[in-house]
Amino acid sequence: AYTADLKAQQQETLKSNVAQMYEELAAIHASMSQGDYVDPDADPEQMVEELEQALAHVTELGAVCQTYQDYQRMFELDVDDFGAHTLCEKEVTARCALWKGMCEFLEKSNAWTEDAILTESGEVQLNIETIRAEVDDYATRAYKMGKTYKDDPVVMRFKDSIDDFKQILPLVEELANPALATRHWREIFELIDADIPVSEDGTGFEAFNVRALLQYNILDKMDTIQTVSSVASKEYSLQKVLEKMRADWSGVVFRIMEYKDTGTY
């Protein structure tokens, strides 16, 4: 009788624990569409940290659900599939991916506009192919998330951030042209009346970035900027051709011989 009573008590405890699990999963699931998680003005880094913690907790709950299933089999009870856990994990994962994607894009777009355009040796360090590919990737992610979360304010902020950067992407493409030399930068600065200090050795300029040039309304001069960049590219191509010719002819010895017995060489 004692064993039967203990078994009944354990089953009742299990039933209660399962019910509490469903309640907790439902609460977590519901929280994903409330509060800071759907506040576009919330701090992205903080949201990512909180959501990663939430996802870790949901993963732990998954292990507990499996334990409950094992007990249900042992007691020969109906085994719950805990579909609520699957749905909850899916929701937390998606919400975490949304905030993480936006956080990453904001950090990268900030670096693209705030980091120095040139290295200390004067070479352009903006890789436009990488930038363009990443912008397209994040735009695709935001589009897909928009289908999952229709009219979600966080998705809208994500999309707006990408669209804002796309507005200056044509400028970034021109400024990332590796063919731009010191003389071309000087021409650009004079064009927009930008006060960019010359470097100490006088061969280049002090560090400057896209954000700094935007303050001089450089977008209003895009046509001319594109012309300067195009000319720089043509000059760069000619320079490379000349360098190749010099390399090809380097070390070549021309022997001059007399033409028959005419004394002419």
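Is Asp193 buried or exposed? Asp193 is exposed, because its relative accessible area is 64%, and exposed means over 50%. The structure described in this report is a predicted model.

## Two residues with positive phi

Asp193 sits in the loop between H6 and helix H7, the latter covering residues 210-214. Its phi is positive, about 60 degrees, although Asp193 is not a glycine.

Glu76 is also not a glycine, and its phi is positive at about 60 degrees.

## Helix H2

Helix H2 runs over residues 44-74 and has 31 residues. From its first C-alpha to its last it reaches 45 Å, close to the 45 Å expected at 1.5 Å a residue.

Several residues of H2 are buried, among them Pro44, Met47, Val48, Leu51 and Ala54. Further along the helix, the buried residues include Val58, Leu61, Gly62 and Cys65. Tyr68, Gln69 and Gln72 are buried as well.

Val18 lies in helix H1. Its relative accessible area is 7%, so Val18 is buried; the cut-off for buried is under 20%. Val18 and Leu87 are 69 residues apart in sequence, and their C-alpha atoms are 16 Å apart in space.

Lys15 is placed in helix H1 too. Lys15 is exposed, with a relative accessible area of 59%, whereas Val18 is buried. From Lys15 to Tyr68 there are 53 residues in sequence, and the C-alpha to C-alpha distance is 9.1 Å.

## Aromatic pairs

How many aromatic pairs are there? The count comes to nine aromatic pairs. One of them is formed by Tyr22 and Phe82 and is stacked, with 5.4 Å centre to centre and 20 degrees between the planes. This pair links distant parts of the chain, as Tyr22 is in helix H1 (residues 2-31) and Phe82 is in the loop between H2 and helix H3 (83-114), 60 residues apart.

The two partners fall into separate classes of accessibility. Phe82 counts as buried because its relative accessibility is 3%. Tyr22 is partly exposed, with a relative accessible area of 27%; this value lies between the cut-offs of 20% and 50%.

Ring pairs also link Phe105, Trp112, Tyr138 and Phe165 into a cluster.

Ser161 is found in helix H5, which spans residues 153-175. Ser161 counts as buried because its relative accessibility is 14%. Not counting residues up to four places away in sequence, Ser161 touches Phe105 and Leu106. Phe105 is also a member of the ring cluster.

Asp136 lies in helix H4, residues 128-148. At 43% relative accessibility, Asp136 counts as partly exposed. Asp136 and Ile162 are 26 residues apart in sequence and 9.1 Å apart in space, C-alpha to C-alpha.

## The largest pocket

The largest pocket holds about 570 Å³ of space. It is lined by 30 residues, and those closest to its centre are Leu118, Thr119, Ser121, Gly122 and Glu123. Helix H6 (182-192) and helix H8 (222-249) are the elements that give two or more residues to the lining.

What kinds of residues make up the lining of the largest pocket? The lining divides into 14 nonpolar, nine polar and seven charged residues.

Terms used: Residues are numbered from 1 along each chain as its sequence is written. This is a predicted model: local features need pLDDT of at least 70, side-chain atom pairs count only at pLDDT 80 or more; totals for chains, interfaces and linings use all residues. Side-chain values use heavy atoms; hydrogens and water are left out. On a 1 Å grid over the protein atoms alone, a cavity is a set of points where a 1.4 Å probe fits but cannot get out, and a pocket is an open set with protein on both sides within 12 Å along at least five of seven lines; lining residues have an atom within 4 Å of a point. Grid points are joined across faces, edges and corners, and a volume is the space filled by probe spheres set on the points. Helices (H or I, at least four residues) and strands (E, at least two) are DSSP runs, numbered from the N terminus. Ala, Val, Leu, Ile, Met, Phe, Trp, Tyr, Cys and Pro count as nonpolar, Asp, Glu, Lys and Arg as charged, and the others, Gly among them, as polar. Buried means under 20% relative accessible area, exposed over 50%, partly exposed in between (1.4 Å probe, protein chains only). Contact means heavy atoms within 4.5 Å. The expected span of a helix is 1.5 Å times one less than its number of residues. Rings of Phe, Tyr and Trp (its six-membered ring) pair if their centres lie within 6.5 Å; planes under 30 degrees apart count as stacked, over 60 as edge-to-face and the rest as tilted.
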